[in-house]
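Open the model in your viewer and keep the selection tool at hand. The stops below follow one another.

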Amino acid sequence: MKTPYTATAKALHWGIAVLIFGLLGLGFYMTGLSLSPTKLQLYSWHKWVGITVFALVVVRLAWRLTHRPPALPSHMSPIERLAAHAGHHLLYLLMFAIPLSGWLMSSAKGFQTVWFGVLPLPDLLAKDKALGDLLQTVHMALNFLLIAVLLGHIGAALKHHFFDQDDVLTRMLRRRPV
Ligand code: HEM
Ligand code: HEM
């Protein structure tokens, strides 16, 4: 049996994935609401969970830079390897850039983030409406890019499992052999 990902890598992958799917759904839902206390409450939750993802991604990047993932299956062509590596790099970049753009946007719009209502985070930018609007567009565009890359990522995982019948999906799911 080949070596699966470590328990830490799997926990970070699936934990962050669940939070990101929740943030995507919440983000589109809350922006469609008309102004109300509920909308403002949902914005706060979105920001708190988004900052949590940002912190987890920093931990994940530190982990990934110090731990090698299992090698890709030998049947993959050079183009497929390139696509897999490029896709993973892009996902790491987006996981970092999206929450950062949200934090920068909130700062520029003059809405400080108080993490879970207890920890006030510093504003990264001075208040600037035009910049805030630009960052709002950047946040949205990066989210659409993330969704496109994720469709490819999930499609690739399913192709590996059902067509190539290799261990790429199972090594991200199953327990490490003892
Ligand atoms: C991985 C983390 C995050 C994901 C996947 C995410 C996703 C989204 C999505 C899908 C939307 C709706 C589309 C849009 O207007 O952009 C949204 C809106 C928003 N996000 Fe995030 N977000 C994340 C992190 C953050 C963080 C950390 C903050 C601030 C601290 C933040 C602040 C906002 C705000 C204020 C809006 C509403 C913008 C508006 O009124 O149009 N987000 N987010
Ligand atoms: C927000 C959602 C997700 C993000 C941000 C994400 C991100 C990533 C990243 C960056 C890697 C590379 C790990 C490494 O450094 O080796 C990875 C690996 C992987 N992901 Fe995801 N992922 C997400 C959701 C999913 C889902 C829903 C599936 C299943 C259908 C999946 C299946 C996999 C598999 C099988 C691997 C291992 C690839 C390999 O062995 O080379 N991911 N993911």
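Start by selecting H153, which is partly exposed at a relative accessible area of 26% (buried is under 20%, exposed over 50%, partly exposed in between; 1.4 Å probe, protein chains only). This is a predicted model, in which local features need pLDDT of at least 70, side-chain atom pairs count only at pLDDT 80 or more, and totals for chains, interfaces and linings use all residues. Residues are numbered from 1 along each chain as its sequence is written, chains are lettered from A and ligands numbered from 1 in the order written, and side-chain values use heavy atoms, without hydrogens and water.

Next, show the iron atom of ligand 2. Its protein donors are H13 (NE2) and H153 (NE2), 2.0 Å away (donors are N, O and S atoms within 2.8 Å of the metal, or 3.2 Å for Na, K and Ca; water is not among the atoms, so sites may look incomplete). H13 belongs to helix α1 (residues 7-31) and H153 to helix α4, so the pair ties together parts 140 residues apart in sequence (helices are DSSP runs of H or I, at least four residues, numbered from the N terminus). H13 is buried, with a relative accessible area of 15%.

Now select K109 and D133, whose side chains meet in a salt bridge (3.3 Å, N to O); the term means a side-chain nitrogen of Lys or Arg within 4 Å of a carboxyl oxygen of Asp or Glu. K129 is exposed, at 63% relative accessibility.

How values were computed. Helices (H or I, at least four residues) and strands (E, at least two) are DSSP runs, numbered from the N terminus.
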